[in-house]
Amino acid sequence: MATITARPQTAAELNILHRKQRSLWMDAWHRLTRNRMAMAGLVVVVFAMLVAAFAPMIAPRDPTAQNSALALADPFWVDSQYRNPDYPLGSDQLGRDILSRLIYSARVSMLVGFVPVSIIFVMGVTIGMYAAFHGGWIDNALMRLTDVMYAFPDLLFLIIIFATLRNTWAGDLMGGLVLMFVGIAIVNWVGMARLVRGQVLSLKEKEFVEAARATGARPGRIMLKHLFPNALAPVIVSLAFAIPSAMLAEATLSFLGFGVKPPTATWGVMINEGFVLVTSTPWPVLLPAFCIAIVMLAFTALGDGLRDALDPRMKL
Amino acid sequence: MLKYTVRRLLLLIPTLFFVALIVFVLSRAAPGSPFDRNQDKPLPAAAIERLNRHYGIDKPLHEQFVMYIVNAAKFDFGTSLVRDRPVADIIGQGFPTSAQLGIQALLLALAISLPLGTISALKQNSAIDYGSLFLATIGTSVPNFVIAIFAIFIFAVNLHLVPIVGWGTPKHMILPTLILSLGAAAFLTRITRASMLEAIHQDYVRTARSKGLREQVVVITHVMKNALIPVATIVGPATAALVTGSFIIEFMFSVPGIGRLFVTSINQRDYPVIMGVYLLYAFIISVANLTVDLVYGMLDPRIKVGK
């Protein structure tokens with residue numbers, strides 16, 4: 001096809017454009033790459049995402065396959081007779097391979113991080129922008145709803161959703177994951193909508209919006225081409241923090257025993273199942289706890305970096 | 001001021017009403033009766049019917065809800081389906097323990113964070129500053145049950161410094177209090193530091209210095225006095241964090257408080273107890289927020305409370 005011959009040229013063109021542009025986004029990206037903590041966080045996040053994506057290929061065995069004869073094997077660095085080369089990180093009390101369970105847990109964590117946050121993004125931006133732009137009853141309803149939601153911690157909302165719906169058909173879809181996605185999205189979209197609403201409310205009085213309106217742009221175009229890109233920076237920052245908090249919600253609920261259902265492996269489920277044995281065999285608990293700690297720190301570092309890069313005025 | 005306080009106190013009623021409504025609707029939407037817990041030995045239908053009648057769950061939903069609200073207004077929150085005791089009694093029994101744990105943790109969080117945040121702001125970019133920021137980052141991002149696991153492993157299992165679980169002696173209280181306070185302490189440290197840094201660069205601080213006041217006087221009467229106002233507002237969210245943290249910590253350390261009761265009630269689907277605990281939590285958080293708003297108005301005369 002013609003594109004093959006045209007490719008060098010477009011690349012050259014792109015190169016020129018690239019050098020000329022230096023948009024605000026490029027500036028932000030440069031600031032981000034200079035932030036060592038954020039880059040370290042990004043590396044961990046990308047690694048966790050790769051592990052999640054290729055879990056079936058990396059995991060040495062089935063994460064739910066039990067073998068009671070080989071229960072509670074020690075990991076390879078512990079000097080004991082209970083080591084087993086087939087279980088590099090040991091096994092839990094049902095003889096399941098901890099390494100494979102950790103790998104598959106990464107998959108659950110990433111799904112719980114990204115799927116609900118995508119729903120939150122779409123719902124929050126659409127409803128928030130509409131409410132700010134048109135006002136009216138949607139705006140009023142949104143504000144009343146946020147008032148109620150803000151008066152109460154998210155985790156308590158999630159707990160009552162799970163306590164009541166976990167044992168229904170809804171709680172059985174994908175081992176409880178679907179309910180987890182929907183629950184987290186329901187609890188969190190309101191905050192995103194309120195953020196977008198506040199952004200758009202202040203932006204829509206700006207001159208460039210007036211100019212766009214004066215040139216005859218329709219409301220839809222103003223929203224998509226003018227308001228949305230300008231409101232995006234704080235939205236991205238808030239998404240970057242929403243992802244780890246969604247993962248944390250899953251881990252906490254599963255740890256307390258009313259989140260994702262066993263035998264599905266998640267770090268929270270693993271801690272819940274292993275916690276009773278912490279005095280005698282700590283590794284089945286310590287390893288998933290370590291994974292949660294590292295991933296949480298990585299996301300926080302990345303989120304902090306993104307916030308500093310996208311909006312140097314926001315300081316905390 | 002009085003009018004504002006009364007209005008805010010009245011606003012508590014719709015908040016509690018909505019919380020009750022949400023919990024009620026969801027708990028009744030769940031299929032199955034609370035009495036069919038044992039799958040192998042199901043109760044006879046007649047017995048379930050009698051139990052339902054005894055606890056009033058056979059009536060239409062709206063009637064049940066109205067009854068609940070009317071009784072709740074008289075501080076009667078029903079009877080536990082599992083323990084067969086009034087919910088108010090059960091909660092009242094656990095409350096002193098949970099309150100003690102929560103207040104200890106809040107005080108500890110303040111005792112850690114205010115000096116740490118102040119020092120790291122005064123010595124910005126020093127080793128102390130970086131150290132405390134690092135600790136604050138860990139405290140805000142690593143969940144408390146994960147920290148608790150590491151702490152139990154190190155201090156209780158390996159070093160035998162403290163007992164693993166339980167409650168009663170001061171030794172038992174060290175780990176739960178410390179871990180519960182960490183999240184709030186980390187967050188408060190960050191806020192204190194940021195707020196102090198902002199205050200340090202204000203004009204009135206330069207004026208104070210230029211008229212020859214001693215550095216201590218400048219820091220205490222000019223910087224801190226202004227910097228701690230925003231910190232006071234965080235005590236509201238910090239209380240909410242302590243409430244949600246408390247049931248995780250109580251569950252892990254077997255502390256006989258409301259938090260542990262809450263977790264077991266959810267596993268047993270003991271809806272009257274769940275509802276009672278939710279209402280209590282909503283009440284505590286709302287009152288904390290209200291107190292913060294009122295105190296904020298008193299601390300900072302620029303803020304006009306009530307519109």
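What percentage of the 316 residues of chain A count as buried? The share is 42%. The model is predicted, and the legends below take it view by view.

**View 1. Chain A is built from helices.** Chain A holds 12 helices and zero strands. Read from the N terminus, its elements run α-α-α-α-α-α-α-α-α-α-α-α. The C-alpha trace of chain A spans about 80 × 55 × 45 Å along its principal axes. Among contacts in chain A with a separation of 6 or more, 71% join residues 24 or more positions apart.

**View 2. Helix 3 and helix 5 of chain A cross.** Helix 3 covers residues 36-53 and helix 5 covers residues 98-134 of chain A. Their axes lie 8 Å apart, at an angle of about 110 degrees. Angles of 65 to 115 degrees count as roughly perpendicular, so helix 3 and helix 5 of chain A are roughly perpendicular to each other. Helix 3 of chain A brings Ala48(A), Met49(A), Val51(A) and Ala52(A) to the contact. Helix 5 of chain A brings Ile103(A), Ala106(A), Arg107(A) and Met110(A). By class, this contact has seven nonpolar, no polar and one charged residues.

**View 3. Helix 11 of chain A is enclosed.** Helix 11 of chain A runs over residues 267-274. A residue is buried if 20 or more other C-beta atoms lie within 10 Å of its own. Eight of the eight residues of helix 11 of chain A are buried, so this helix is largely enclosed by the rest of the structure. They are Trp267(A), Gly268(A), Val269(A), Met270(A), Ile271(A), Asn272(A), Glu273(A) and Gly274(A). The cover includes helix 5, helix 10 (219-256) and helix 12 (283-310) of chain A. Helix 6 of chain B is also part of that cover.

**View 4. Chain B meets chain A.** The contact takes 39 residues from chain B and 35 residues from chain A. On the chain B side, the elements giving two or more residues include helix 5 (127-141), helix 7 (170-200) and helix 9 (215-253). Helix 1 of chain B gives the largest share of that side, eight residues. By class, the side of chain B that touches chain A has 31 nonpolar, seven polar and one charged residues.

**View 5. The largest nonpolar core draws on chain A and chain B.** This core has 148 residues. Those with the most contacts inside it are Leu158(A), Ile159(A), Val277(B) and Tyr278(B). Leaving aside neighbours within four places in sequence, Leu158(A) is in contact with Gly183(A), Ile184(A), Val187(A), Ala249(A) and Leu253(A). A second, separate core has six residues, including Ala121(B), Ala199(B), Val219(B) and Ala227(B).

View 6. Helix 3 of chain B has 13 residues, 61-73. At 1.5 Å a residue it should span 18 Å, and its end C-alpha atoms are 18 Å apart, which agrees. Just after this helix, Phe75(B) takes a positive phi of about 60 degrees.

**View 7. Two loop residues of chain B have positive phi.** Asn125(B) is not a glycine, yet its phi is about 65 degrees. It sits in the loop between helix 4 (87-122) and helix 5 of chain B. Asn125(B) counts as exposed because it has 9 C-beta neighbours inside 10 Å. Ser254(B), also a residue other than glycine, has a positive phi near 50 degrees. Ser254(B) lies in the loop between helix 9 and helix 10 of chain B. With 14 other C-beta atoms within 10 Å, Ser254(B) is partly exposed.

Notes:
Residues numbered from 1 in each chain as written. Chains lettered and ligands numbered in written order. Predicted model: local features only at pLDDT ≥ 70, side-chain atom pairs only at ≥ 80, totals over all residues. Helix = DSSP H or I, 4+ residues; strand = E, 2+ residues; numbered from the N terminus. Expected span 1.5 Å × (residues − 1). Axes fitted to C-alpha atoms, helices over the stretch in contact; angles between N-to-C directions. Parallel < 35°, antiparallel > 145°, perpendicular 65-115°, else oblique. Contact = placed C-beta atoms within 7 Å. Nonpolar A, V, L, I, M, F, W, Y, C, P; charged D, E, K, R; others polar. Buried ≥ 20, exposed ≤ 12 C-beta atoms within 10 Å, placed from the backbone. Core = buried A, V, L, I, M, F, W, Y, C linked by C-beta atoms within 7 Å.
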